[in-house]
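Look at the fold as a whole, then at its aromatic rings. The briefing below follows that order.

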Amino acid sequence: MNIATPPRVTTRGLSDAITRHLRYSFGREPEFAGLEDWRMALSYAIRDQIADSWFKAAGTARNQGAKRVYYLSMEFLIGRLLEDGIVNLGLVDQAREALAALGQDYDEVLADEPDAALGNGGLGRLAACFLESLSTLGCPAYGYGIRYEHGLFRQSFQGGRQVEAPETWLLQRHAWEFERPEARFRIGFGGHVEEREGRKLWLPGEHVDAEAYDTPIVGWQGRWANTLRLWSAKACDPFDLPAFNRGDFTAAAQPEALARTISRVLYPDDTTEQGRELRLKQEFFLTAAALRDILARFDKEESDIRKLPQYVAIQLNDTHPAVAGPELVRILHDERGLPLDEAMQTARACLSYTNHTLLPEALESWGEDLFGRLLPRHLEIADLIDNAHYEANPNRTQSMRADGQVKMGQLSFVMAHKVNGVSALHTELMKETVFAELHHLHPERIVNQTNGVTPRRWLLACNPRLSGLITETIGDGWVDDLERLRELEPAIEDAGWRQRFAEAKRANKAELAEYISQTQGVSLDPDAMFDVQIKRMHEYKRQHLNILETIALWQEMKDNPNADWTPRVTLFAGKAAPGYAFAKDIIRLINDAAEVINADPATRDKLRVLFLPNYNVTLAERLIPAADLSEQISTAGKEASGTGNMKFALNGAMTIGTLDGANVEIREHVGAENFFLFGMTASEVEERRAVEDHAQQAIAADPRLARALQAVGSGAFSPDEPDRYAHITENLSGADYFLVASDFSDYWRASREADAAFADRAGWIRRAALNTARSGWFSSDRTIRGYMRDIWAARSHLED
Ligand code: 26V
């Protein structure tokens with residue numbers, strides 16, 4: 001059976017389905033329906049269309065006894081799903097017309113959907129792009145995660161300071177999930193280990209149930225749909241009846257409340273020590289539930305547990321689900337009776353691990369006291385794994401079990417048959433630094449899979465003006481074969497075509513300006529250069545380098561008001577971890593500086609600065625199509641890959657960036673002449689850090705930097721509290737670990753180069769368009785093909 005594109009529903013069919021759902025799923029007559037009712041009815045109508053591909057895909061995988069890919073991730077940053085479904089099913093025109101016929105506005109209805117933010121940043125968004133590509137490629141796969149009641153916090157500003165409020169996506173009606181009460185597993189914690197009939201038996205001291213909620217993820221043209229299965233924690237006995245009967249109603253509700261804390265909230269924070277026990281519980285909860293589910297599916301298809309690796313590929317998205325190693329060995333050995341050696345080998349053949357960061361503070365390790373108290377048998381097994389590894393590699397000097405810790409990166413490496421980095425540079429640095437010894441012992445294990453992004457969401461859907469022009473020029477084959485964007489290159493030589501490309505960008509900018517004017521009350525000139533830095537707030541990402549350069553530019557503009565300045569709008573967005581004080585201070589500094597700069601009559605038509613609150617996937621979808629300049633300015637060696645950088649290039653922005661993460665590969669693809677490179681390389685960074693007074697030297701050599709720092713440090717942007725930012729300037733003129741001062745001069749140079757390039761309109765458009773034409777390699781379809789080939793040994797079932 002060839003799985004062809006399913007027939008498309010007509011406009012009439014869709015409007016009938018919408019009214020039917022309105023009436024019979026939601027009990028509303030159309031004349032009384034509100035926006036949310038329309039959004040839910042449209043979502044159900046679209047969901048019906050997806051469901052058929054979903055059933056068919058699951059059936060094909062079952063009938064074929066297909067190898068399934070299981071992507072275990074603590075985070076899935078999926079954003080809105082309605083437009084994604086409509087676009088992938090090719091129903092944009094039908095949906096727009098059907099709603100219009102019913103008197104509703106398509107864009108308004110779509111905008112009513114909450115943005116599901118079950119993730120922090122890059123790692124979670126990558127997981128979401130991967131699920132979509134897995135479906136587009138027809139690779140049978142499940143994403144496993146946690147159904148957090150509260151996703152990433154909502155960010156607002158008070159007096160320029162970040163204020164966090166809980167996010168409540170589940171309070172609005174959610175159209176996409178199916179509760180699966182039958183898929184429910186009991187997960188244990190604590191307790192002790194006994195030996196019975198020569199076998200170790202873990203007897204947990206407490207339990208909680210994991211209940212599944214499934215969301216279908218449909219691929220391009222609706223040919224295949226996979227499942228995102230999120231686990232929700234429920235009490236095994238939801239209600240303490242004896243307590244209730246005693247009249248103790250609080251105690252009666254206690255079991256449910258306690259159990260639910262496990263899936264209550266997404267960890268926003270990788271910097272505080274609090275709540276580490278709950279975090280470990282969450283990690284085991286996800287992992288244990290996923291493994292039970294995977295084995296239940298396997299048991300239906302095969303009886304010989306040694307064949308598990310033929311049916312199962314488990315990807316660990318960072319070390320967060322690394323306890324999958326010991327848990328799978330425990331199941332195979334303790335429960336299913338495989339000899340220990342064979343249990344370890346079988347587990348390893350199923351497991352692989354992706355590393356997403358080399359920052360020491362983000363490398364997980366657990367104190368053995370906590371780990372052993374929560375997971376006593378897993379601690380024993382971690383030791384067995386470590387000993388077996390040592391016996392096989394007696395020259396080994398480092399252990400995953402040193403200093404009273406369980407080091408999750410090392411454990412993941414040892415328990416995985418493949419370990420991958422997320423860009424070429426990052427993978428090489430993994431080999432040279434954190435995993436140097438393990439790489440030496442297992443040179444075939446580390447492989448690179450440079451990240452990618454799904455072109456359906458990040459070009460076709462979010463940028464209809466540009467994607468329409470592309471399709472008109474080269475047809476729509478690019479949507480699932482993104483390297484075909486190269487076919488645009490001849491058109492780029494045509495001035496008429498370039499004009500249309502420029503008009504699309506101009507219209508996107510005008511639309512963003514209108515949105516910002518409505519939401520922030522700030523008016524922006526769409527003809528200025530839109531210079532955008534959007535990502536989590538972190539010192540290594542160096543938002544403070546950007547604001548310092550912006551301050552220096554403002555100062556210079558005031559010195560030379562009549563010079564030929566390129567008008568610039570510098571936009572920021574991003575959240576800081578609630579416990580990361582320095583990152584929050586950078587937000588406040590940007591907001592304070594913006595207030596002063598934007599109020600300056602001498603520069604207000606040349607320079608505007610704005611920090612947009614509550615960055616999320618939906619805001620990214622607005623900002624990226626409207627960007628001229630993409631800021632990718634991390635300290636070289638620190639950003640594992642970046643994926644925003646790819647989205648900007650694809651949407652025709654030029655990058656100003658360091659040789660870090662995937663920037664290196666982006667520059668290779670788009671051409672060095674179409675990328676504003678600056679700054680030290682990763683190895684120069686290491687050398688520079690060894691220079692005593694590196695920051696002082698850099699400041700002494702660059703009067704612009706000195707003056708900008710002076711203004712910040714003396715309260716030019718915080719007159720009511722002049723020393724508010726003294727600690728920032730002290731940091732930047734002292735230890736300056738992230739080398740802001742040392743890269744400043746070259747960043748200034750590259751920024752002025754960008755200004756000059758922007759002033760040459762024809763030249764800029766050409767270079768921006770070449771960025772689009774040459775970014776096709778950064779499709780997550782290419783990345784997923786790489787994983788399927790090099791890591792999972794999985795195949796597409798689209799043609800079966
Ligand atoms: C660690 C922790 C520790 C416990 C609390 C919650 C939490 C959340 C996140 C993290 C580490 C996140 C690592 C991460 O997101 N890395 C990013 O991965 C992207 C996808 O590969 C990559 O593009 C970015 O460069 C990299 O920073």
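**Overall fold**

The protein chain has 33 helices and 23 strands; helices (H or I, at least four residues) and strands (E, at least two) are DSSP runs, numbered from the N terminus. The model is predicted: local features need pLDDT of at least 70, side-chain atom pairs count only at pLDDT 80 or more, and totals for chains, interfaces and linings use all residues. Residues are numbered from 1 along each chain as its sequence is written, and side-chain values use heavy atoms, with hydrogens and water left out.

**Size and packing**

- Along the principal axes, the C-alpha atoms of the protein chain fill a box of roughly 90 × 70 × 60 Å.
- Of its 800 residues, 61% count as buried (under 20% relative accessible area; exposed is over 50%, partly exposed in between; 1.4 Å probe, protein chains only).

**Aromatic pairs**

- Rings of Phe, Tyr and Trp (its six-membered ring) pair if their centres lie within 6.5 Å; planes under 30 degrees apart count as stacked, over 60 as edge-to-face and the rest as tilted.
- The count by this rule is 25 aromatic pairs.
- The pair of Trp202 and Phe284 is edge-to-face, because the ring centres are 5.9 Å apart and the planes are at 70°.
- Trp202 lies in strand E9 (residues 199–203) and Phe284 in helix H9 (residues 276–301), so their pair ties together parts that are 82 residues apart in sequence.
- Both Trp202 and Phe284 are buried.
- Tyr70, Tyr142, Tyr144, Phe185 and Trp231 are linked into a cluster by ring pairs.

**Charges over rings**

- A charge sits over a ring if NZ of Lys or CZ of Arg is within 6 Å of the ring centre and within 35 degrees of the ring normal.
- Arg47 lies over the face of Tyr44, 4.0 Å from the ring centre.
- Lys647 has its charged end over the ring of Trp458, at 4.1 Å from the centre.
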